[in-house]
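User: Please take a close look at one part of this model and describe how that part sits among the rest.

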Amino acid sequence: MNLKTAILVFANSAQEEALRKPISGGQQLFTELNSTIESVVISTKLPYYIINEEHQQGGDFGERFVNAVQEIYKKGFENVITIGNDTPFLTKKHLLESARLLEKNKIVIGPSADGGFYLMGLHKSQFDYLAFLKLPWRSKQLAQSITALFQNKAIETVKLQVLYDIDSVEDLKVIQKFSKTISKSLLKIIQFIFQYSNTTLTFIKLENYTNYSFVSYNKGSPIS
């Protein structure tokens, strides 16, 4: 076991994710994703920590994330591999390969299809608290900006394969196309979400047709 490296799962609870992301049935979806990612992490036999909204500290996403990474270093680990809960194609192989690369003093980035990242691994000597705070968090330029940050310091960065993460129903449509590589339980939840969304869309169309005024005040998830 590599006691120098720890995995940080920086992810909200299923309840919080359901509030933040416009997906009908999101709580069930993220309950499944949280359970799946923890199982994958446990399979690596590396030490790991889950930091959700109850333990995150900071005024915005970037500050909360950077503080969480710093906390793992304070526990005495030399390397941290950070992941979220919304990348269903993340595997044990990705995590162990990242740990191996970190042992060779390389930085690891797992870029997401939307321009962010689903995984980042770095040694504590490469962690610049203030520089990380200034990164364009939650933007399409994030992975590129992190890579540029380390290139300017002449630190070798290794990129893993690009994976899809889940932020909306549109993302689920992409995920479903690779149904053979995701679990049956997750696929079943995705199919239910699509069925529910289609039913809701039909209901709203019917209510609009009959001209009920309350329809325009719908506070549910956006329809896409």
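Threonine 5 stands opposite asparagine 79 in strand 3. This is a predicted model, in which local features need pLDDT of at least 70, side-chain atom pairs count only at pLDDT 80 or more, and totals for chains, interfaces and linings use all residues. Residues are numbered from 1 along each chain as its sequence is written, and side-chain values use heavy atoms, with hydrogens and water left out.

Helices (H or I, at least four residues) and strands (E, at least two) are DSSP runs, numbered from the N terminus. Two strands pair if DSSP finds at least two bridges between them. Strand 1 runs parallel to strand 3, joined by five bridges. With strand 2 (residues 48-51), strand 1 pairs in the parallel sense over four bridges, and there valine 9 stands opposite isoleucine 50.

Ile7 is among the residues with the most contacts inside the largest nonpolar core, which has 36 residues. Such a core is a set of buried Ala, Val, Leu, Ile, Met, Phe, Trp, Tyr and Cys residues joined through side-chain atoms within 4.5 Å. Strand 1 (5-10) and strand 3 (79-83) are among the elements giving two or more residues to this core. Leu8 belongs to a second, separate core of 26 residues.

Conventions. Buried < 20%, exposed > 50% of the residue type's maximum accessible area, 1.4 Å probe, protein only.
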